[in-house]
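Dear colleague,

I am passing on a structure that you have not worked with before, together with some notes on it.

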Amino acid sequence: MYLDHNGKLWLGTEGGLSCYDILANRIVNIKGFENYTICGILADRFSQLWISTHMGLIRMNPQTGQTYKFGIADGFLSEDFNTGAYTRRANGNLVFGSPVGAVEFSPETAITKVTQPKLYFDQFSLFNQIVYPGIKGTPLQNTIDETEQVVLKHDQNTFSVSFVNINFSNPDKWMFSWKLEGFDREWSLPSSLSVASYSNLEPGSYNLQVRVFNENDSSVSEMRSIGIIVQPPFWSSIYAYVFYALLSLWVVYMLYRYFTNRMAERSSRERTRFFIDTAHNIRTPITLIKAPLNELEQEQDLTPQGRHFLDLALRNVEKLNSLINQLIDLQRAESNALKLTITQCELDRWLRRKTENFKPLADQKNIVLSFEETGRRVEAWFDTAKMDTIFDNLMSNAIKYSPNGSTIQVISHADETSWGFTVADNGIGIPVKAQKHLFKRYYRADNAVNTSETGSGLGLLITRSLVSLMQGKISLKSEEGKGSAFTLRFKNGNGHFLPEDMVDEKVNDSDGIDSDNEEIATDVLPVLLLVEDNVEMCEYLSASLSSQYHILVAHNGVEAMELLGEHSPQIVLSDIMMPLMRGDELCKRMKSDMSYCHIPVILITALDEKSNIIAGYEAGAEDYILKPFDIGILKVKIESILKNRFHLQEAFAASTGEEEMVKYANNMDNEFMQKSEQIIERYLSDAMFSINVFCSELGMSRTSVYNKLKALTGLSPNDFIKIIRLKKAAALLREQRYYVSEVAYLTGFPDVKYFSVAFKKQFGVTPKKYSSVYVKDEN
Ligand code: ADP
């Protein structure tokens, strides 16, 4: 019990400490003492209460309630004191008795003895591994205690810092609390734990603050801090952001350029479209102007001035005509409406012929044309008509933009993967600035505009479209004033083309006779071979017929024979009077050649060459037409011949074999059909009978057999063999001697089900029904 000078009576009991305020007549139990047995209460001269208990000596400030507990760690002999054993001596020292003896101390000394703690940063760890200065990859230059700031890489963002309190004899009493500024919102709860750990910190600047408390005294005794910087990874560093900014600017710039180019291309396309629409409308009138001019040209009694004017008119009509044709070609090429008709060609031979065709034009400017061949046989697959357009564009440009007396080289090349050719001139060249526009929109380089040559800038656009239609590449090397070289490259072989784009391959590839994939695309225009030595007439006819037919052009009979070998035209339209080989001679040769005799021929002859007509008919021509002719009548004639062919094909397919055999105009064709049927009959029950055997029995190449059968019957060899077999089957069924399964076997159909389906497809009824009809009929 202790009465202080404020009139408060302090009561110590076995259950804690209470205070009785005499003036207020109120008792308060002091919190925190509930577990203590109070042994004695004394006050020092600073009015601090000293309370001895069974568990140490406690100093308490009665005003604030703040306490501090002394024990063995502070130099006391014991923490257990005896009840009532205490006194304050005259010198102010306090004495407390304990079971092991009394302790005396001066309150001042005891107060100062609670020395200031000292915080020391002990260790720094990354991912639970202690790091030291001097080792590889360490972020520390000095010990962690001597470091003000630790700079960590972005992938060193899991770390811990441990600390200790030195300079103090009773460390147990000290508690730590910390806060990582920039990350923690609150200080950590005070504890004796002396490690601050953080993981996966975002890049940034932090400050780790650590403070130390006395267990008895909640005031902070010491605080230290250390800067922690986690650097961003390079992709989010300031340099990276600068780079991103530059990159974005670049992208924006490129997009801007892309869109402005697109807009330029679009407006160019719109203008082209307008021209194309106009071209379609003026094509017919131009043809109608050209035809009479051509006729006038044949007149003998024109005055020199009249002839001069006529030439002028013809030249300009020609230019207009070719421009219109180019526009229409471009439209078809760009809308991909152009169908490919891929055939195999011998590269050097084709290029040589094409180069020679340009000789007259080159001669006009004294330009020397040279052709450098590969020197070996390169079989290239391409669409000859389209490649003609490509070559003609490049070659006529080369001639157009080269000075008199210069040289133009055509070089053919081929390697393991590709083939192609180069057209090189030493003309005006193309400025670098213009080069990139040439293939994208219609464009004429300044140096070309400044020449006297007119142009539309469409030729290269068409060329580019056609080249890419055939999956090729076009490149240009040119230097202004020195010359240009356009190089084309195409893939070897024909694997990259669709089967329906191929003409010959269908024959070459089919071996089994049951395959149905030999159909030729029905929407491909019929091929018409035009044989005409007069260039104007040739162009006139090509222009008039090109919307209905795919036109191949030869300038005499010899060229025509070559083309017949490479292509399989549905019809030949030939002039009679021609150098090298006349039209009637060509017709005669065709009609006596099993491979070509089925192709109808129309001969063109002038009115005063009536004898030619007789010669033509003798040669086996289907029809003739007299010059000057009406193009409308010519068209009707061609159509009717092709229609007749078609009717014959239909008649063949529809016949059951009961009626008379279909008769063809040419005897050789009839012989061919008879022979074919006989061969099939001989192999009738042989299901393994192949097209190869069929062709070798006929003594003809696969291509010839294919072309011929297609022309006469509209069928591929496979279908032809199948239909002949079915017709024989029908005949057997009519005889009533065999069962359906026997008939199937006898006609080379090992699968009866397949036989029934094929039979029904051909004759509209099943074999069973077909034979039952005959039973009824006979009855
Ligand atoms: P055109 O010749 O009708 O103007 P093209 O599309 O064929 O149209 O060619 C486009 C442009 O390319 C030409 O106007 C010309 O500037 C340039 N050019 C093409 N070929 C050559 C060449 N062999 N030499 C120089 N310039 C050429």
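Two strands are said to pair if DSSP finds at least two bridges between them, and strands and helices are themselves DSSP runs, with at least two residues (E) for a strand and at least four (H or I) for a helix, numbered from the N terminus. Please keep in mind that this is a predicted model, in which local features need pLDDT of at least 70 and side-chain atom pairs count only at pLDDT 80 or more, while totals for chains, interfaces and linings use all residues. Residues are numbered from 1 along each chain as its sequence is written, and side-chain values use heavy atoms, with hydrogens and water left out.

With that in place, strand β5 (residues 38–43) and strand β6 run antiparallel and are joined by five bridges, and within this pairing L42 has W50 of β6 as its bridge partner. The two strands form a hairpin with five residues between them, and S47 in that turn has a positive phi of about 60°. On its other pairing, β6 is joined to strand β7 (residues 56–60), again by five bridges and in the antiparallel sense; here T53 has G56 of β7 as its bridge partner, and the hairpin that connects β6 to β7 passes through two residues.

Is strand β6 buried or exposed? Five of the five residues of β6 (residues 49–53) are buried, so this strand is largely enclosed by the rest of the structure, where buried means under 20% relative accessible area, exposed means over 50%, and partly exposed lies in between, with a 1.4 Å probe and protein chains only. L49, I51 and T53 point one way from β6, whereas W50 and S52 point the other way, and all of them are buried.

Strand β3 (residues 16–21) pairs with β4 over four bridges in the antiparallel sense, and D21 stands opposite R26 in β4.

The ligand comes next. It is surrounded by 21 residues, and the closest are N397, Y401, D425, R444 and L460; a residue counts as near the ligand if one of its heavy atoms lies within 4 Å of it. Among the polar contacts (pairs of N or O atoms within 3.5 Å; within protein, one must be able to donate a hydrogen and the other to accept it, and residues adjacent in sequence count only if both atoms are side-chain atoms), a polar side-chain atom of R444 lies 2.7 Å from an oxygen atom of the ligand. An N or O atom in the side chain of D425 is 2.8 Å from a nitrogen atom of the ligand, and one in the side chain of K400 is 3.1 Å from a ligand oxygen atom. The protein covers 98% of the 530 Å² of accessible area that the ligand has on its own, as found by the Shrake-Rupley method with a 1.4 Å probe, where for residues only the protein chains shown count as cover.

Two or more residues of the shell around the ligand come from each of α6 (384–400), α9 (459–469) and β26 (483–491), and α6 gives the most, with three residues. Of these elements, α9 is mostly covered, with nine of its eleven residues buried, including L460, L461 and I462. Just after α9, Q471 takes a positive phi of about 60°.

N707 is found in helix α18 (residues 702–713) and is buried, with a relative accessible area of 14%. Leaving aside residues up to four places away in sequence, N707 touches S568 and H598, a contact being heavy atoms within 4.5 Å. V765 lies in the loop between α21 (752–763) and α22 (767–778), and at 27% relative accessibility V765 counts as partly exposed.

For the protein as a whole, the secondary structure comes to 22 helices and 31 strands, and buried residues make up 46% of the 779 residues.

With best wishes
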